[in-house]
Amino acid sequence: MNRRFEGKIAIVTGGASGIGAACIERLNGEGAKVVCCDLQTPQRVVPDVEFLSCNVADEVAVAALVAKVVEEHGRIDVLVNNAGTAGREQVRIHELSFATWDLVQSVNARGTFAMMRAVIPHMLAAGGGNIVNVASIGSFRATPMAASYLASKGAMMMLTRAGAVEYAKDNIRINAVCPSTTETAILEHTSPEALERLVARHPQGRLGRPEEVAALVAFLASGEAPHITGGAYLIDGGRSAA
Ligand SMILES: NC(=O)c1ccc[n+]([C@@H]2O[C@H](COP(=O)([O-])OP(=O)(O)OC[C@H]3O[C@@H](n4cnc5c(N)ncnc54)[C@H](O)[C@@H]3O)[C@@H](O)[C@H]2O)c1
């Protein structure tokens, strides 16, 4: 494996499981000192990865987290905004509760904003940095019964673009990755029939894997992508090409 993040300091939100855990493994495997921020404790302990409990929707907790990382490590080179929730309701818009709407926006959209708002001043002070937001194929395409999630992922994509143009001259690159269905805990309660239907939508005949998303995140956050900013990159096994 490359060592593209040797000596770098990274924060990965929602890093206790799934795609976030894979991002931590990848960045750490390539030399970064990684801080995992999540509501739950990580399923797997990776030596040299620090866990800090934090709700990304809570701006006071986010400010404290970022201050602690900067105090301990002096700077933040990479931020991966991955914490997310889909909410539990699978209903149409007229049946959707405000509680689900607010929860999903507060974690996915507000949480991403809160993290960017807290981290960017330190990247400006350091002369640059990299942010990758884990959005979704749902930033581009709608499916029924997921309006709050889709709206939040659309917001994350535009926050990515807004940030990219605002900070392009400050050497801060901001990109989004947009995975299709990926094999994580998100699928735990999916019936075998529904899973089969999901797989059938992907020309490759399989779902994505967390480490595949992590590889794209690492590429975008690395020095190998100096001219890439404001992008939203699908990783979907050909689903949106079909
Ligand atoms: N798995 C997929 O099919 C898929 C597809 C597209 C996009 N995504 C996105 O990828 C990201 C990771 O999802 P995943 O599939 O790995 O799911 P996951 O449930 O395994 O991981 C999400 C993590 O976010 C944490 N989290 C939730 N709310 C939080 C909060 N308020 N503060 C801090 N941490 C919080 C959870 O505790 C969990 O560890 C999410 O943003 C999700 O929307 C997933």
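Which residues are closest to the ligand? Select the ligand and find Ser17, Asp38, Tyr149, Thr182 and Thr184: those are the closest of the 26 residues that surround it, where a residue counts as near if one of its heavy atoms lies within 4 Å. Before going on, some ground rules: this is a predicted model, in which local features need pLDDT of at least 70, side-chain atom pairs count only at pLDDT 80 or more, and totals for chains, interfaces and linings use all residues. Residues are numbered from 1 along each chain as its sequence is written, and side-chain values use heavy atoms, with hydrogens and water left out.

**Stop 1**

Pick Tyr149: an N or O atom in its side chain is 2.6 Å from an oxygen atom of the ligand. Now pick Lys153, where a side-chain N or O atom sits 2.9 Å from a ligand oxygen. For Cys54, look at the backbone instead: one of its N or O atoms there lies 3.4 Å from a nitrogen atom of the ligand.

How much of the ligand does the protein bury? Taken alone, the ligand exposes 820 Å², and the protein buries 91% of that (areas from the Shrake-Rupley method with a 1.4 Å probe; for residues, only the protein chains shown count as cover). Colour by secondary structure and you'll see that the elements giving two or more residues to the shell are α1 (18-29) and α4; helices are DSSP runs of H or I with at least four residues, strands are runs of E with at least two, and both are numbered from the N terminus.

**Stop 1: the loop between β5 and α4**

Next, select the loop between β5 (129-134) and α4 (147-167), where you'll find Gly138. Is Gly138 buried or exposed? It's buried, at 11% relative accessible area; the cut-offs are under 20% for buried, over 50% for exposed and partly exposed in between, with a 1.4 Å probe and protein chains only. Leaving aside neighbours within four places in sequence, Gly138 is in contact with Leu150 and Lys153, contact meaning heavy atoms within 4.5 Å.

Ser139 is buried, with a relative accessible area of 12%. A polar atom of its side chain lies 2.9 Å from the backbone oxygen of Lys153. Setting aside residues within four places in sequence, Ser139 is in contact with Lys153, Gly154, Met157 and Cys178.

Still in the loop between β5 and α4, go to Met145. Its phi is near 70°, a positive value in a residue other than glycine, and Met145 is partly exposed, at 41%.

**Stop 2: past α4**

Asn171 is in the loop between α4 and β6 (172-179). Asn171 has a positive phi of about 65° although it is not a glycine, and at 52% relative accessibility it counts as exposed.

**Stop 3: inside helix α1**

Select Leu27 in helix α1. At 1% relative accessibility, Leu27 counts as buried. Not counting residues up to four places away in sequence, Leu27 touches Phe5, Ala10, Val12, Ala32, Val34, Val80 and Ala218.

**Last stop: zoom out**

Show the whole protein chain: 6 helices and 7 strands, in the order β-α-β-β-α-β-α-β-α-β-α-α-β. The radius of gyration of the chain is 17 Å, close to the 18 Å that the globule rule gives for 242 residues, so the chain is as compact as a globular protein of that length. That radius is taken over C-alpha atoms, and the rule is 2.2 Å times the number of residues to the power 0.38. Buried residues make up 48% of the 242.

Terms used. A polar contact is a pair of N or O atoms within 3.5 Å; within protein, one must be able to donate a hydrogen and the other to accept it, and residues adjacent in sequence count only if both atoms are side-chain atoms.
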